[in-house]
Amino acid sequence: MSQQTSLTYAKVNEDVIRMLDKPTVKWLALFVPTLGIVGFGLFCFLYQVYTGLGAAGYRHPVYWGVYITDFVFWVGIAHSGTLISAVLYLFRASFRLSIYRISEAMTVFAVLTAGLFPIIHLGRPWFFYWLFPYPNQRELWINFKSPLVWDVFAVSTYLTVSSVFFFVGMIPDIAAIRDRVTEKPRKIIYSILSLGWKGSNWEWLHYTRAYLFFAAFATPLVLSVHSVVSWDFAMANLPGWHTTIFAPYFVAGAIFSGLGMVITLTVPIRKIFSLEEYITLDNYDGLAKLVIVTSLIVGYAYGVEFFMAWYSSNPAEWGQFYYRATGEYALFYWIMIFCNVLIPIPLWFKSVRRNIKALFIISIFINIGMWFERFNIIVISLSRGFDPASWGIYKVSWVEMGITLGSFAWFFMFFLIFIKTLPAVSIAEMKEILPVPRKEANGHE
Amino acid sequence: MSQDKKGGIRRRDFLKIIGVAGGTAAVTGGCSEPVEQLIPYVIPPEGIIPGVPNWYASTCRECPAGCGILVKNREGRAIKIEGNPKHPVNKGASCAQGQAMLQGLYNPDRTRSPLLLNDLGKRRPTGWENAQTLLAEKIDEIRKKGQNGRIVFLSDNVTGTLGALIDDWMEAIGGVHISYETYAYEPLREANKRTFGIDKIPTYNIDKAKYLLSFGADFMETWLSPTYYTTQFSDMHSFRDGSMGKFVHVEPRASLTGVNADEWVSITPGTEGLLALGIANVIVSEGLSQRGGELSGLLGGYAIDKVSEATGVSTDTIRQIAREFSSMQPSLAIGGGTAMTSTNATETLIAINILNYVAGNIGVTIDFGRTLNTDGISPFRDILSLVDSMSDGGVDLLMVYNVNPVFTLPKSAGFEDAISRVPFVVSFSSFMDETTEKAHLIMPDNTTIESWGDFIPSAGIHGLIQPAMTPVFNTKSTGDVILAVTANIEDLKEKYKEASYYDYLRESWKTAYSSQAGLSFDSFWNKALENGGYYSDVQPVQVSLSGGLSGAALPEAEFSGDGDYFLIAYPSYKYYDGRGANKPWLQELPDALSTGVWDSWVEVHPDTASRLGVELGDYVVIESPQGSIETQVYPYPGIRPDTVAVMIGQGHTSYGRYAKDRGVNPVGILPLATDKLSGGFAWFTSKVKLTRTGKHAQFVQTQYTTHQHDRGIAQEVTLTEMQKGLPPVDHELPGFYPPKEYAKYRWGMAIDLQKCTGCGACITACYAENNIPFVGKELVAKRRDMAWIKIERYFEKSDNKAGFETRFLPMLCQHCGNAPCEPVCPVYATYHNPEGLNGMVYNRCVGTRYCSNNCSYSVRKFNWFQYKFPEPLDWQLNPDVTVRGVGVMEKCTFCVQRINYAKDQAKDKGRDVLDGEVQVACAQACGSDAIVFGNLKDPESKASRLSKNERGYKVLHTLNTQSSITYLKKVKWDKA
Amino acid sequence: MRRRIKLLLVPVLSIFVFAGFYFSDRNAESSDKGPVQPVRFSHKIHAGEDQIPCQYCHSFVDVSPNPGIPSVQRCMGCHTHIAGRDVDYDFNGTTINIQAEIAKVRDFWAKKEPIPWIKVNSMPGYVHFNHKRHIKRGFDCAVCHGDVADMDQVHRVNRFNMGFCITCHTENARSHEELTSLKDCLTCHY
Amino acid sequence: MNNQGVLGIFSYLDLTINAVRKLKEEGFKTIRVFSPLPNHEIEGVMDEPESVVRFFTLFGAMLGASCGVGFTVLTSMDWPLPVSAKPIVSIPPFIVIIFELTILIGALSTLIGLLVNSRLRKNAPIDMYDPRFSEDKFGIMVACDKGNVEKVQDILNSHGAEEIKVDGI
């Protein structure tokens with residue numbers, strides 16, 4: 001796809017690298033409060049460690065709550081990044097090009113954020129390393145039958161692979177920055193990060209090949225990670241968790257929420273850095289279509305869950321779903337339905353898909369809806385298990401709110417640093433959609 | 001555990017005496033190694049081996065029932081109470097109150113030394129010598145006035161040696177001994193006197209009865225001897241050989257005993273006597289019994305229609321009860337609770353006696369041989385005259401022992417004001433209760449566990465009390481104090497030759513009993529110590545109906561106050577008359593019916609609640625002419641719409657941190673009314689107004705549902721179904737993997753729902769055995785209670801007369817063969833042990849809590865905080881059980897420490913563990929034998945045989961968890 | 001090129017970290033001299049020179065999970081008669097006077113106070129170790145406590161961590177069934 | 001031998017391709033083409049052998065899979081702790097671990113493959129570079145002996161090189 005554009009190779013370099021100029025006051029005005037909120041989140045966590053996990057709002061039988069909701073939410077956010085960068089790369093969908101770097105960064109930072117929550121939610125977080133298999137004098141290993149260990153492996157693999165993918169994808173661009181910046185410290189740092197990249201045909205040969213393999217690894221990985229996360233629930237026998245539909249349902253949900261977050265993030269960046277020529281309406285149109293698809297899948301899953309619960313005639317299962325829609329948490333349930341199923345409906349219209357403001361608002365709703373989806377799945381199911389005598393209601397505490405808030409700030413902190421230090425749009429790949437400079441106007445293509 | 005410097009409670013001295021090696025138990029986690037000290041004995045006590053428990057037989061004094069107990073002592077500390085199997089009253093069982101005795105012993109709010117009120121109104125510690133001299137001087141001073149009766153010793157019904165000593169002492173110093181029992185059963189004695197000419201309370205043989213008709217008698221809670229009668233009831237009501245006894249409970253409110261009945265008959269307050277006579281009339285007039293012809297004149301006045309109208313009980317029901325009562329022989333009618341606390345109580349109980357007589361139960365299920373030892377109890381009018389005399393300045397010295405009349409008497413009795421006028425009040429209480437607050441001198445008594453003594457609950461049962469540990473604080477047994485004080489009085493110096501109360505006790509036992517046993521005194525004494533007392537058979541006494549009854553009349557019960565609702569202030573099976581309220585285990589033990597904890601509430605019928613516009617947790621004001629109290633509403637279907645009920649025991653204004661300012665005391669607003677004939681205090685005479693306040697708070701419960709929502713958790717079958725025979729069920733569903741094999745042991749349990757009464761003794765026993773922390777109301781409100789075993793209670797719709805039936809189900813870790821919790825733990829902190837236990841390794845747990853999420857039975861608990869045991873409550877901790885630290889999961893372990901101990905002992909003997917050698921704490925405590933623990937691999941073990949019972953089922957068996965616990969369905973009488 | 005070498009450091013470093021984890025809490029012979037006790041009691045003199053069997057003082061070791069610390073009375077059983085030589089003695093590098101040390105014990109006895117010994121070998125509260133079972137199985141005290149008879153001041157010879165226990169349990173199991181029960185967590189942790 | 005480097009800088013791809021083609025015809029073997037983006041035409045004209053990164057990937061993935069199998073099975077057998085009546089070695093749950101390790105080690109090994117092949121392995125005796133290559137210029141570097149420097153310069157010049165640099169050791 002080649003589009004009408006005034007862009008040239010040099011201008012791409014110019015525009016992207018311009019984003020890395022000295023932080024503006026506006027940027028600092030964003031960054032400093034963000035740091036403050038991260039600090040507050042850290043304080044909440046330390047307070048929780050000091051007093052015990054009771055500082056959070058957990059109560060029998062709801063032993064997982066906001067932290068695991070946050071975990072699944074952030075892992076979900078991560079997913080669309082990999083989808084855009086890897087899966088669409090394999091499908092050669094060119095609308096990904098301008099946004100894939102931002103999504104990939106989002107992936108890495110979201111996984112980085114998500115990875116904190118399993119530790120935050122531990123009763124004894126100082127023993128978190130017991131979850132990793134390492135040789136020890138006790139001669140004890142970990143239980144590979146536990147979905148949580150799968151999680152440990154899946155999330156750490158995901159973090160590693162997506163970071164590598166993110167980094168490798170940036171090498172040529174970092175080299176471009178290196179070649180442009182003049183200040184000594186920046187030059188040195190970018191030189192090191194560029195690993196001496198020169199863009200020779202030999203490098204490109206291995207690079208493209210390796211990149212393809214990374215994409216090929218990342219694609220099943222992205223599907224597996226959220227499947228594994230979903231199995232944290234589906235492997236349990238709890239009504240509301242124990243369903244086979246969970247893996248695809250979660251993957252679709254993850255991509256849905258991730259696309260929402262991509263839109264939420266790119267709209268302001270596009271505006272602030274005047275990237276309208278890079279991130280085009282066509283790009284958003286493509287994203288919006290994906291949003292529709294995933295919204296439909298998620299909506300279908302909501303329906304199927306209900307249907308199966310009714311069809312199974314299992315009192316525990318039906319009791320659970322009836323309760324979701326009518327019980328104490330019904331508001332959250334209907335927020336979820338509203339945000340995830342109803343709100344995306346206008347996207348069927350092209351005019352809405354190409355309306356940045358509308359997209360932005362819809363994306364915010366999707367983020368909210370998907371957070372509540374996880375909350376509903378986790379908390380409502382736990383509130384009503386098999387044994388009615390144990391039923392109980394969960395109430396979120398300020399500590400959990402603080403940490404959740406902190407996690408958002410933590411994510412944005414990385415993002416803000418990223419925007420100012422690394423190329424937010426892929427320089428090398430942007431050039432791929434521009435016409436190659438030729439002496440003779442009608443060359444090969 | 002490192003030595004604690006603070007506290008100042010002679011901990012060091014204590015350690016010196018007991019010589020603890022190392023600490024008791026430590027917290028998991030943490031890697032710092034503080035300097036630990038090893039404190040050896042100076043002189044090792046005989047027979048104590050550190051690390052090996054010693055058991056001491058003694059007698060429980062938490063309520064007047066006088067059950068036998070065994071106190072487990074480790075390294076000099078009492079750590080567990082169990083029922084004494086050799087004791088005829090409780091036969092090894094115990095109740096929650098008995099289990100919680102240890103929290104009285106180790107209560108952090110105990111009075112730690114004698115206290116003297118100084119001129120500034122402050123209490124200052126003083127020495128024993130000083131206190132004794134002071135008391136002796138006071139006595140001397142008063143005696144010099146030359147007036148008898150100006151010294152009053154107010155105690156509970158102290159039977160046995162101490163009672164005799166007090167009587168003797170009072171006589172010597174010219175004082176009066178008044179025995180005040182909160183629940184004195186005066187109408188019962190009066191009725192027996194009038195009916196049979198015998199002023200005593202008999203033993204009822206519930207176990208021999210096939211039909212039990214209770215008029216308000218809460219025999220599973222407080223009535224006479226609850227553990228004894230619970231055991232008997234369990235026997236009578238258990239299903240065997242195709243039949244079982246039937247139990248009908250008549251009361252305006254379904255008490256815990258009431259909900260355990262096959263039928264609860266709601267009756268208009270104060271008309272129980274009418275119903276009894278009405279039933280008797282049907283029996284006599286329909287010729288259902290040979291007896292009672294001579295009473296037809298009397299009974300003729302109680303025609304069924306008239307009775308039905310007055311009582312609100314349908315004629316069908318009356319007829320049905322009459323027929324069953326006379327045909328299911330032997331039967332038994334008992335009276336208590338509301339039937340015994342209205343103004344016509346004596347007449348009501350006479351009516352019940354007549355009913356028993358008519359059905360031929362006297363001498364069969366009612367045994368006047370083994371009578372309760374109530375002779376010493378002073379009549380209530382003596383208490384009232386004491387109040388008068390105190391108010392008039394007629395008492396110069398009041399000594400209070402083991403009673404708390406300021407709390408247990410209604411305000412209208414004026415005791416509080418009266419006692420303030422006594423110039424010198426001495427309290428022997430070990431706790432700062434409301435009466436002790438009025439005392440000038442406090443001479444704290446040892447608790448039962450620290451003292452020598454004896455107690456005679458009923459004829460032929462001489463329970464011995466022996467100390468199981470040295471006193472925790474600077475307290476002294478009152479017997480010793482009496483001896484010492486007497487020695488300080490100039491002319492009485494030589495009165496008691498014995499140096500200590502222990503010697504006095506031995507002497508008294510020497511004269512009283514040694515000849516009877518035909519043994520040398522020392523061997524008799526040692527045997528008594530071993531058995532927890534001396535028990536002799538008592539010949540049954542035949543009684544006959546006295547002549548004057550035919551002219552007896554049954555007056556109407558009188559109620560005062562202009563409210564719309566009858567107020568039942570009912571005695572609590574947890575706090576008795578309020579004395580249990582300072583024990584956190586009891587506060588945290590969920591009430592069997594409301595599952596409420598740490599507070600009071602008013603039980604209101606749901607219809608009444610909606611009429612008042614209130615719901616669960618709303619505050620209402622209950623107002624009588626004598627005062628008002630404000631408490632939360634608990635809508636309860638088991639109460640008449642015109643009646644409300646509040647539990648006695650809370651609402652302390654003193655009595656330590658756990659009791660003070662918690663809940664309300666309904667006794668406070670009762671009018672001073674008495675039963676007309678016996679003069680006993682009548683609790684059930686008030687009509688109160690209820691007004692909503694608009695205030696609302698969460699009603700802190702441990703169970704927020706009342707229905708099973710078709711989950712089939714607590715199941716039942718009808719008697720007819722049982723008689724036809726149930727189809728055999730295979731509990732082992734096919735699994736994906738082959739079933740697990742066990743070598744020698746598979747520990748398991750059988751729980752008979754037919755027997756479980758919901759009393760909660762198992763819960764408290766579990767707390768005591770397993771170092772389970774109590775967490776307080778605020779955390780229970782967040783459902784963070786740590787109980788390893790809970791009693792689920794469901795009110796299920798039923799076609800019975802009440803419209804609902806109650807099912808209790810003890811829920812604890814099922815130790816599933818196919819446990820959902822195990823595979824999800826990432827670090828193997830929970831796993832399946834080769835003996836079928838679901839192991840929980842605290843120190844490996846990182847706290848992901850996934851196991852609890854995946855536990856279908858929701859029995860896992862999490863340590864949200866580092867829970868505290870305020871010193872010296874931590875002395876009670878079982879050294880064999882790890883004290884769990886913050887952030888780890890915990891749950892029932894099937895008392896693995898006991899299993900390991902039994903295996904260790906068996907290994908010494910070179911054999912395997914035999915059936916019955918391991919008793920888990922809950923099964924041990926259970927009075928109704930509902931919980932049976934044992935090795936399922938041994939086909940002959942009791943648990944194994946019960947597990948194969950046709951009534952057996954596994955909770956949530958469709959999940960194929962292959963749990964080790966088999967529940968036996970409750971058997972229900974079909975609608976007749 | 002320097003960068004390339006640095007890259008290689010990553011795997012090397014991680015191997016070090018793992019090895020560190022592995023070896024850091026292996027059993028290392030403690031070179032610690034042990035705590036200084038309130039009375040310089042020499043096990044070397046009592047158990048070594050005088051050949052007093054361990055169980056004479058630690059008398060509950062075969063009947064109870066706790067071995068028992070001798071009461072002061074037990075000390076005085078001998079030291080009523082034995083006042084000790086009035087000689088200097090090299091006690092792990094500190095010079096003490098034997099008679100003076102015994103006098104301390106007599107002091108405690110006179111005051112009827114226990115001697116506050118400092119614990120040398122200890123286990124966390126979540127481990128339930130039973131001395132009786134190990135002694136009955138025929139293990140010598142020295143297996144865990146080292147050659148106490150050769151120590152003046154007793155010091156820790158083995159770190160009693162789980163690796164120490166489990167190695168011994170694995171080596172000494174006589175049958176598969178016994179191994180299962182010896183490696184069962186609930187044998188020690190409850 | 002081949003210790004001289006000549007670097008030609010081009011603005012247009014087609015000119016670059018032609019220059020390479022010519023150089024190849026002239027028998028120059030050690031040629032490097034710089035470009036700001038990967039390009040198939042350059043790949044085509046250079047005709048380098050297939051990248052060996054794929055073997056790293058394959059080997060890594062296989063190593064990862066076997067690590068996964070070995071790790072799960074051996075550690076489970078090391079101290080058999082039964083959970084929920086499942087066999088000690090129960091394959092289905094292990095598959096997840098095996099899969100994740102396959103990807104992890106496969107990806108890491110690909111990274112190593114990339115680093116080793118494109119950076120660590122020296123494929124030319126001399127390094128020449130111009131910062132504009134990362135922007136919009138193409139470049140051709142030819143390593144040759146001293147005698148051929150001029151010839152190369154000529155070829156590059158004649159094919160439209162905008163700038164030519166020569167470097168030597």
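**Exercise 1.** Work out how many residues of chain A are in contact with chain D, and which helices supply them.

*Solution.* Start with the count: 55 residues of chain A are in contact with 55 residues of chain D, where contact means C-beta atoms, placed from the backbone, within 7 Å. Next, the helices: α1 (9-18), α6 (147-180), α8 (201-234) and α16 (427-432) of chain A each supply at least two residues to the side touching chain D. Of these, α8(A) gives the most, with 17 residues. Helices here are DSSP runs of H or I, at least four residues, and strands are runs of E, at least two, numbered from the N terminus.

A note on the model: it's predicted, so local features need pLDDT of at least 70 and side-chain atom pairs pLDDT 80 or more, while totals for chains, interfaces and linings use all residues. Residues count from 1 along each chain as its sequence is written, with chains lettered from A and ligands numbered from 1 in the order written.

**Exercise 2.** Is strand β21 (residues 565-570) of chain B mostly covered or open, and which strands does β21(B) pair with?

*Solution.* First, cover: 6 of its 6 residues are buried (20 or more other C-beta atoms within 10 Å of their own, with C-beta atoms placed from the backbone). Second, pairing, which takes at least two DSSP bridges: β26 (residues 687-696) of chain B is antiparallel to β21(B) over 2 bridges, with B:Y565 opposite B:V688. On to β25 (residues 643-647) of chain B: this strand runs parallel to β21(B), joined by 5 bridges, and B:Y570 partners B:M647.

Methods:
A residue is buried if 20 or more other C-beta atoms lie within 10 Å of its own, exposed if 12 or fewer, and partly exposed in between; C-beta atoms are placed from the backbone. Two residues are in contact if their C-beta atoms, placed from the backbone, lie within 7 Å.
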